[in-house]
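Trainee: I would like to learn how to read a structure like this one. Could you take me through it step by step?

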Amino acid sequence: MNRALFKSLLISGVREKETIFWIFIFPLILFTIMVLIFSNMSGEDLSFDMILIDNSGTGLGSQIINQVVDAIGTPSEEGKDPLFKITRLSDKEEAYTLLKEQKADIVLELPEDFNQKFGQVLLLSRLGEVPEDRKPEVIIQKVELRDTSSMASDIMTQVMAQVNLEAAKQMNIQIPEVEISSEVVGQTEDFNYADYFFAGVLIMAFFSTGLMNMGINLAYIRSKGVFKRFACTPMKTSQIMSATIFSNMIFMGIAFVLLLIYAKLFYGVTWAVFQPESILFAVMTAVLALTFGFFVGTVSKTPNSASGLANLLFFPMQFLGGLYFPVFDLPPAISWFVYINPLTYLAAGMRKSMGLMDAPVPHYTLYLVPLLWTITMLLISLKVFKWDGGE
Amino acid sequence: MPNTILKVDNLKKHYPTVKAVDGISFEISKGTVFTLLGPNGAGKTTTLEIIEGIKNSDDGEIEFFGEKMKHVTRDAKERMGVSLQSTNFIPHLKVREVFELFASLFKKNLPVDEVIGFVSLEEKKNDLVEKLSGGQKQRVAIGCALINDPDMIFLDEPTTGLDPQARRNIWDIVNHLKKEGKTIFLTTHYMEEAQELSDVVCIMDHGKIIAMGTPAEHIKRLGERNYIEFKAKLIPEEIRELNSWDVEEVEVEDDNVIIPTKELHSILEKLLSWANEKGMSLNDISIRQPNLEDVFLSLTGRRLRD
């Protein structure tokens with residue numbers, strides 16, 4: 001490797017504002033966005049705003065409901081939000097307005113005749129079947145197209161089923177107790193979204209450097225005759241390529257360190273990425289990204305065509321490669337791409353090695369598919385590469 | 001030829017649709033400025049790029065510093081300096097950084113500051129190359145070609161696209177190098193440049209060498225003639241009339257008229273009285289000596305700029 005060329009390429013990259021943003025800053029922004037969005041949907045800090053309109057007066061029915069509502073409105077641990085933040089109102093119109101304005105997720109309403117019907121049911125149920133129109137009714141209002149509203153509504157429906165069981169107990173009706181246990185499948189008990197996205201964003205950052213930065217820069221300096229100029233010197237092709245590759249690997253290293261420090265300080269990622277197998281997957285990602293960059297820089301005649309090709313490859317690869325969300329269950333029309341996409345295997349492999357989740361593909365494919373892509377892209381690029389050409 | 005530094009024998013480079021270089025041979029002596037002159041597409045740059053080691057030839061042989069080679073070796077590249085037709089470097093580097101980079105590529109190199117001084121870029125050495133003017137960038141390119149103190153310097157159209165002052169600055173550098181005894185291989189499509197700088201001019205067209213010699217030898221081949229030039233709107237009948245005099249073929253392009261003749265005094269007198277009779281005004285009338293442009297015209301029937 002020619003050290004002066006290596007240094008020049010590093011200096012050139014550092015002075016390029018776009019390089020700084022896309023390789024060093026953007027991964028931090030993307031990581032933040034992803035963790036903030038998905039962590040809030042993980043249930044750990046999940047909280048809904050519910051308005052309770054209780055026009056039923058006093059009675060056993062409303063007493064049970066209020067006890068349940070108080071229970072779900074109490075934080076499970078000190079310092080955490082409760083599952084439902086309860087606001088009690090008597091004005092329906094005001095409650096519906098707050099729901100429409102997204103200041104509440106659902107409205108739970110106990111009608112005026114709730115306690116009366118509840119009492120009747122207690123008596124009638126001992127005599128036999130209770131007619132439908134005599135059953136007490138709880139009204140849940142939600143906004144259909146809002147995810148949080150639908151989720152809150154589903155949870156409350158389950159809660160109400162629990163209330164029914166409680167009511168049955170109050171009536172001394174024997175109901176066999178069903179014990180419910182849950183088990184995490186695929187995803188480990190230690191799963192956390194910060195680690196999950198750390199792996200995805202790291203792969204994205206490596207591909208931003210290798211595929212986008214190196215690919216477009218190679219096309220640029222080749223189309224401008226810079227390589228041609230080097231060809232007139234005693235420098236060997238291998239020296240130029242090694243300097244190009246190592247300078248981009250330095251950028252990847254910086255991107256990795258910055259992301260790790262940021263993710264550790266602000267989101268508490270674990271050190272799982274330093275598992276030997278995780279490091280191996282990171283290195284494989286770096287090598288694959290560089291071969292893709294070499295390919296883009298080789299087959300493109302101009303920086304513009306390189307940029308177009310790099311984007312054409314990178315966007316579907318990252319979004320259908322499981323970097324940000326699971327992709328193995330996608331419809332067959334696009335799942336073929338998921339299965340040929342090397343990033344799918346690198347992301348799954350890295351997360352598996354970090355102890356985050358199992359990969360639903362044979363273990364050897366996690367290495368084999370990226371390796372086949374690396375070899376293929378490298379061979380094509382070496383075959384097509386020319387010093388001159390372009391503009 | 002004694003002191004031959006470069007010998008090219010039957011060099012060929014054929015593409016599917018064009019014979020870019022079609023069996024050319026020449027020799028360059030140490031300490032001379034050898035110029036390849038020809039219109040765009042004549043094959044000058046392809047010839048140069050084969051000799052510089054960028055392209056491979058289809059056939060032919062190159063003898064560099066007494067050593068025969070099919071393709072230019074790394075040792076030969078250590079002894080040559082190159083300035084390509086289009087000047088670009090790794091982006092966002094400063095002038096000094098570019099020179100330092102090129103200095104690192106050769107076993108032998110001159111002090112960077114000395115080269116920066118030689119191409120008069122002391123004040124710009126800490127500026128980014130992309131911020132420089134076209135002429136300054138060209139001086140960076142020439143400086144990079146000199147950084148290894150080469151025995152032979154290749155300058156491919158070093159003044160194309162430059163303003164007259166910047167062009168004159170480059171000529172000064174070339175003349176300075178010539179005084180230092182450097183061997184220079186120049187390509188250009190500017191006949192004034194070839195005439196001003198060259199010891200030997202090789203005229204190339206359609207991939208072949210059509211004439212070679214010193215500028216004076218080329219011009220001498222045209223014989224003793226002068227050119228009367230003026231601007232006037234002539235009708236075909238008037239052009240036929242002029243051609244019936246003791247002149248070479250009259251050249252008319254728009255309202256520019258050129259009359260080549262060996263009988264300057266008589267033809268000039270005749271022209272003035274002919275114009276007077278016709279009540280015609282001859283604008284911007286001038287008389288000049290033949291130049292390489294005229295040589296090229298007489299050899300190919302076309303002007304260099306065509």
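Trainee: How many bridges join β12(B) to strand β13 of chain B?

Mentor: Start with the general idea: helices (H or I, at least four residues) and strands (E, at least two) are DSSP runs, numbered from the N terminus. Two strands pair if DSSP finds at least two bridges between them. Here 3 bridges join β12(B) to β13(B) (residues 256–261), and the two strands run antiparallel. Within that pairing, B:Glu253 has B:Asn256 in β13(B) as its bridge partner.

Mentor: Before we go on, this is a predicted model: local features need pLDDT of at least 70 and side-chain atom pairs count only at pLDDT 80 or more, while totals for chains, interfaces and linings use all residues. Residues are numbered from 1 along each chain as its sequence is written, and chains are lettered from A and ligands numbered from 1 in the order in which they are written.

Trainee: What is the order of the strands in the open sheet of chain B?

Mentor: That open sheet has 4 strands in the order β12-β13-β11-β14, with antiparallel pairing. β12 (251–253) and β14 (283–288) of chain B each have a single partner strand, so they stand at the edges, with one side of each left without a neighbour in the sheet. On average, neighbouring strands of this sheet are turned by 15° against each other, direction ignored.

Trainee: Which strands are joined to β1(B) by bridges?

Mentor: One of them is β2(B) (residues 19–29), which is joined to β1(B) (residues 4–14) by 8 bridges and runs antiparallel to it. A hairpin of 4 residues links β1(B) to β2(B), and B:Leu6 stands opposite B:Ile28. Strand β4(B) (residues 59–64) is joined to β1(B) by 5 bridges, again antiparallel, with B:Asp9 opposite B:Glu61.

Trainee: And how do I read two helices that pack together?

Mentor: Two packed helices are described by the angle between their axes and the distance between the axes. Axes are lines fitted to C-alpha atoms, for helices over the stretch in contact, and angles run from 0 to 180 degrees between N-to-C directions. Angles under 35 degrees count as roughly parallel, over 145 as roughly antiparallel, 65 to 115 as roughly perpendicular and the rest as oblique.

Trainee: At what angle do α3(B) and α5(B) cross?

Mentor: The axes of α3(B) and α5(B) (residues 134–146) cross at roughly 25° and come within 9 Å. That makes the two helices roughly parallel. Residues are in contact if their C-beta atoms, placed from the backbone, lie within 7 Å. From α3(B) the contact has B:Val95, B:Val98, B:Phe99 and B:Phe102, and from α5(B) it has B:Val140, B:Gly143 and B:Cys144. By class there are 6 nonpolar, 1 polar and no charged residues; Ala, Val, Leu, Ile, Met, Phe, Trp, Tyr, Cys and Pro count as nonpolar, Asp, Glu, Lys and Arg as charged, and the others, Gly among them, as polar.

Trainee: Are α7(A) and α9(A) roughly parallel or roughly antiparallel?

Mentor: The axes of α7(A) (residues 193–223) and α9(A) (residues 237–267) cross at roughly 155° and come within 10 Å. That makes α7(A) roughly antiparallel to α9(A).

Trainee: How many residues does each chain give to the contact between the chains?

Mentor: Chain B gives 21 residues and chain A gives 22 residues. On the chain B side, α3(B) gives the most, with 4 residues.

How values were computed
Two residues are in contact if their C-beta atoms, placed from the backbone, lie within 7 Å.
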